[in-house]
Amino acid sequence: MNNRRKLQRKIIIASCMALLLLPMSYLAQPAASDEAGDSLFEGKLAQMRSEHRLAQSNLGEIDPTSEAMKLACLGLRGVYATWLWHKSNQFKEQENWSSLAATLEQMTKLQPNFVSVWRFQGWNQAYNLSVEMDDYRYRYYWVTRGIEFIDRGQDYNEKDLMLLWDEGWTTAQKIGRADEVEQFRRMFAEDEFQMVANLFGTDKIQDWRNYDQMDNWYVGRESFLDACQLYDNDPRGVDVRRSLRQNVAVFMSEPTKCLMRFAMAREKEGQIGDNAADRWSIAFGEWTDGSYPSFGASNPPQIQRDQRLNYMYGVRPFAFEQGVPETTFLGLDAAIRRRDELVLQMVGGSEEIVNEIIQDKIDEQVKLAAEDTTGAQLLQLDILRRGLEDFDSLTANEKNVAAEALPFAEVTPDEVLRHPAVADDNASRDRINELLPDARKAQQEVDAIRRGISLVNYTYWRERCESEASPLGLSARRDLYDAQQAFNDDMRTRARELYESGFQKWRELIDGDENRPSYYRFTIDAETGHDMLEHARRYQEILNNENLPFPDDFPIKDVINNRNPQPPFWDEEPGETAGNASSQDNAANDDNNDDAAQDDNSTQGGGQQEPPGGGQTQTGGDGGQ
Amino acid sequence: MVLETGIPNLWLWLVGTETETGAIVAWSLTMLALFLSAFLLSWLVSIIFRGPSKGTRVVFGRFWDATRDLVRISPRRVISLTILCFREAIRRWAWVAFVIYLILLAFAGFFLDPKTNEPAQLYMDFVMSSAAFLVALIVLFLSVFSIPNDIYRRTIYTVVTKPVHASEIILGRIFGFSAMATLLLLGMCIASYLFVNRAIDHVHELDPTKLNWETVQDEDGVYPALVGRTEYTNEHRHDSRILLKNLGGQWQENATAIMHGHNHGVDAEFTSYPISSYASSEAGYDLTIENHALKPDDKILISPAQPSADGGGSAAYDYDEAGFTVTEINGDVVTVRGAEGRSLSAQTEASGNLMAHKVELSLTSPQGLLTARVPVYSSDFYFVDSTGLLKRAGVNVGNVWEYRSYVEGGSLLASVVWVFDGVTAENYSIDDYPSGLPVEFTLSIFRTHKGNIEEGVLGSLAVVNPETGRRSQSTNFVAKEFTINSQEIPRIIESPPVGGGVPERLDLFEDFIYDGDKLMVELKCLERGQYFGVARPDLYIAAADASFAFNYVKGFFSLYMQVLILTSFGVMFSTFLNGALSLISTFIIGIAGLLSDMIRELIGPQKPPGGLLFESMYRMFTRAPLTTDLEPGLLTSVALAGDEVVRAFLLMTYRIFPDLMKIWDKDYVANGFNIPSDLLGIQILTTLGFFIPLFVLSHFILKCREVAK
């Protein structure tokens, strides 16, 4: 009896198991495909994985070691990972670098698809661990480790934009703007620790070397370009774009910014000439029309122009139909046109009302500007008024000024609502209410694009590219560079002459003329301003040695005063000038801050930094996200 | 190497000092307390269940039996049971652990970072940790399931029905599984030793034709040097500066710069031939050299026959000259080709008479990776601040980890002082230390300004006799961080008289040793605004290195001791719990032992940020920040009281459970330091300290079980 019962029980259990196989098969059957790759059948879970792109293979490479480690944790992966994070902090505090590196490896094996691990720890190595070393070679070693770490993260997370962006950022900015920039750039060019070879291959390096592009800024640009391409090739809103933690305009601007920085870095090293002009010209082309012309032998990926332009900047006045010298920028232009059409419909096609609102706005601004003691705002509004009447009569400088004041000559949907003629017009109420949501949406789009323009500091960079590529700009830079070399070689008279010529050219560059706009923004930029201050100090030293007075009509006195808020150094006694190191240091610090603001999204200097995802965003300029 | 707590003298640790109780006393008292507690408890329980008379008789009877068993242990029976147990381990495939280990070693290259800057440490860490993990795991499973399985299958009756005592069964199990562990660890030790040696061994090429000439001036005069870099191998390369100094017919011994914790010796063969004449040819140059022994593909350097004179009239060897490779030989005519197509420099051609130097360079295997340094640590250590005050700690530069204190640079008085005992001419004989006392040190550098990025921070080392006020002339060095810096305190020391004057040559042992055998070493940072960070163990006198292989074995022996403790716990738990519960219990003991550092931090005098379990939970639920005081109230009081219970539990855990991290000598082996015999002795005694009571306890428990009666 007992045996019979046992048998019965076993049969029942086996039957239940067999029955359960049916729903299990329905749920968990793995995907299978025919030779052509078409899906034959797949279970519900496989379908859902595919639909929501949750399968491991959707994310990136599958690493058997990683999978084995995850299994070996027996469900305690989270606990172990937390323990590893704790240990990594402990090892860092205790300066136990090899154990820290090993712990980071384990961490990534356990959490290969947790992007923050790669971003945080890559940043940690490149920025925070590197500065713990005293020897610059070891510092560079940790920077390369950080970059390679981020790069490895991409293998496991192919659809994540920010890892590519981080790789570009660290290659370009960390190496290019560190305290040890001279040493780092030298080691980068030599590919010390073979980081570039590991990332891009030796053929690519040879290619870059052949065309003198083996430079951290240029190589960093490649990663940014890859990121932009990944963004553009992804269907909108799927996977890749969701991973963007950055303002799109800032994100898209980085490749071109790298090119500009590439040109700047090479100019600082004495490459001022056709090469520099080419680099700046190409950067200007990219910056203003979004195209990527062929550059040397390399073949940068062609990002779809229209897509890129949708997220880039642009200024096209509402009131001026034609005549603005800047290249037309489709994104903003189209958005403004959409908004204006809706605004015009809201007022029943009455251009009088629109013009009235514009005049009221300008009048209001004039009242407010009366409190401005410098008179600059009044002047700007005056130029705007004249521009509205006859844009072609403005000089090149005035056109720029007018373009900046453009929002005062625009009408927003809410301003239309407040206008008495519209507010009291009950007959048109339904039409206005119907148009209002679309008009507001169009206005939001205009605001968003403007925010992007502001974030990337568009106008400044456009002017800079233009001026740096101009013969006068190149000549001014060449004179000052040669003057510094002559000064270093103790050829004082030659240095003085070159300085005087260089300063005069800068003056001309700043002032502009009838045909060339003023590059006034350029001169207040931190880096150039600081360089000018340094040049002026050397010039003054030469004059002191030659017992010559500092000229009262020093061409760039205003620039120096702007950079050096303390009493002008030419009023100091000679002994004080040379020893004024602390003010120089302060100026240098200011430069870092200013430069960060100018570069929109940089936060790093030389010291310890908060890595991304560590409670503070990596970028300062992505407030719009 | 970081030593957060010093290594006590074995004897003092055992018997104690005036201020600290000796380990033997503490252990005896603990054992006595445990024994009395166990005895009284069982007596009480027995009285409750059996009544006073019978209960007392039973308890005393049992204790008497058990004690008699203990003293009647037969080594022969223990050996038999050990063999039986060992066979059981083999039958249960324990050796698979060794196979898995070999597979791990074979594929280690896939997951060990080849770019690490401390390869020896990484490899040692891997081989020793994986060995410990595998052996502990396998022995753990064997030990905890052995007795419960025997009882379940009733196979234990085949043993207990024989005239064996419970104590012998326990010993047999522990020794049997330990023997298995010994065999596994021995195999792993040999395999991993070969693996580590092979994994980190590498040589770099150093191409003579890519080296540059340089002039060097030192006490031996002015002579040339060749400067360059090795080829990139094993993810790194070394800077190299070969001093071409011929000392009594022997070229000076050279070595590359340290990179990734090691350097390579450079053997340089340097043969010079005068060039009678030369002419440029399509292939490069045709040199006429009489009586040469050059062969095709030889690397040669060409230089003026006489060094040029620098501005001060001294010889200058800074020739702007690349190397050449011999392509063809026709008698005295040697055709050479310049490296990368370069030709003779105008400077060389202008000099007229030329010399050809055949250069053969070979680099040795890595030096400094697999060593067993024997450091002699100081007996006293203090800082002197910039005002001349003596302090136990230096400046805190803001590091969370306060192991190292910092000394200010560029100050006349600020310094760090180490005092060594036992420094006598007998202890450091001229035969063993012919030129002086080797001193090694590790520094941390903190810069408050960039300074010279290309160069390290300058420091100086001097010896001082506080009794006579004599101070040696400082030896300056460029500090290298996270690397062992080596200096030598010479036997004959230049020292200016107190108050200044012409330096005199003094004897280290006669003029700088005070109080009979004390030596004071003073370290300074010479650059203003920069700081050196040091701890007491960071500077030591380097005695002759011990054998690395033996040190490696000692490292594995520490693994064995850990395994023995875990086995003892496993067997003890298995005498009264089933296999699964024994496994979990032993596992918890092991984890607690490995986390002992963390537990110590939690129960330390400084409350952890956010409190322990209940306070941190309360803070999470109320979103209270970690650092603010909690609002007084009932819940706060409950949370704090709960934490006190947790703290008591952790304290008990910490005191009773073995601190396995203290029996773990991996760091010594990995960092290239000899495991001190005092430390090894303490670890052996600690292991015995756990083994003995666990064995006794297991014996008593098994005795109380019906199966063993």
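The structure is a predicted model, in which local features need pLDDT of at least 70 and side-chain atom pairs count only at pLDDT 80 or more, while totals for chains, interfaces and linings use all residues. Residues are numbered from 1 along each chain as its sequence is written, chains are lettered from A and ligands numbered from 1 in the order in which they are written, and side-chain values use heavy atoms, with hydrogens and water left out.

## The interface between the chains

On the chain B side, 35 residues are in contact with 33 residues of chain A, contact meaning heavy atoms within 4.5 Å. Between chain B and chain A there are 7 salt bridges, a salt bridge being a side-chain nitrogen of Lys or Arg within 4 Å of a carboxyl oxygen of Asp or Glu. The two chains also share 11 residue pairs in polar contact, both residues being at pLDDT 80 or more. A polar contact is a pair of N or O atoms within 3.5 Å; within protein, one must be able to donate a hydrogen and the other to accept it, and residues adjacent in sequence count only if both atoms are side-chain atoms.

The elements that give two or more residues to the side of chain B that touches chain A are α7 (119-153), β22 (444-447) and α14 (596-603) of chain B. Of these, β22(B) gives the most, with 3 residues. Helices (H or I, at least four residues) and strands (E, at least two) are DSSP runs, numbered from the N terminus. By class, this side of chain B has 14 nonpolar, 7 polar and 14 charged residues. Ala, Val, Leu, Ile, Met, Phe, Trp, Tyr, Cys and Pro count as nonpolar, Asp, Glu, Lys and Arg as charged, and the others, Gly among them, as polar.

One salt bridge joins the side chains of B:Arg237 and A:Glu192 (3.5 Å, N to O). Both residues belong to a network of salt bridges that links A:Asp135, A:Arg137, A:Glu190, A:Glu192, B:Arg229, B:Arg237 and B:Asp239.

## Salt bridges within the chains

Over all chains, the structure holds 58 salt bridges.

| Salt bridge | N to O distance |
|---|---|
| A:Arg185 and A:Asp215 | 2.7 Å |
| A:Arg279 and A:Asp212 | 3.8 Å |
| B:Glu522 and B:Arg471 | 2.5 Å |

A:Arg185 is buried, at 9% relative accessibility, and A:Asp215 is buried at 3%. Buried means under 20% relative accessible area, exposed over 50%, and partly exposed in between (1.4 Å probe, protein chains only).

A:Arg279 lies in helix α15 (residues 274-289) of chain A and A:Asp212 in the loop between α12 and α13 of chain A, so this pair ties together parts that are 67 residues apart in sequence. A:Arg279 is buried at 4% relative accessibility, whereas A:Asp212 is partly exposed, with a relative accessible area of 31%.

In chain B, B:Glu522 in strand β29 (residues 519-525) and B:Arg471 in strand β24 (residues 470-471) link distant parts of the chain, 51 residues apart. B:Glu522 is buried at 9% relative accessibility, and B:Arg471 is partly exposed at 36%.

## Cysteines and backbone angles

A search of the whole structure finds 0 disulfides over all chains, a disulfide being a pair of cysteine sulfur atoms within 2.5 Å. The sulfur of A:Cys465 is 13 Å from the closest cysteine sulfur, in A:Cys258, which is too far for a bond. A:Cys465 is buried, at 0% relative accessibility, and B:Cys189 is buried at 7%.

Most residues other than glycine have a negative phi. A:Glu95, however, has a positive phi near 55°. A:Glu95 is found in the loop between α5 (77-93) and α6 (97-110) of chain A and is buried at 13% relative accessibility. B:Asp297 has a positive phi near 75°. B:Asp297 lies in the loop between β9 (285-288) and β10 (299-304) of chain B and is exposed, at 61% relative accessibility.
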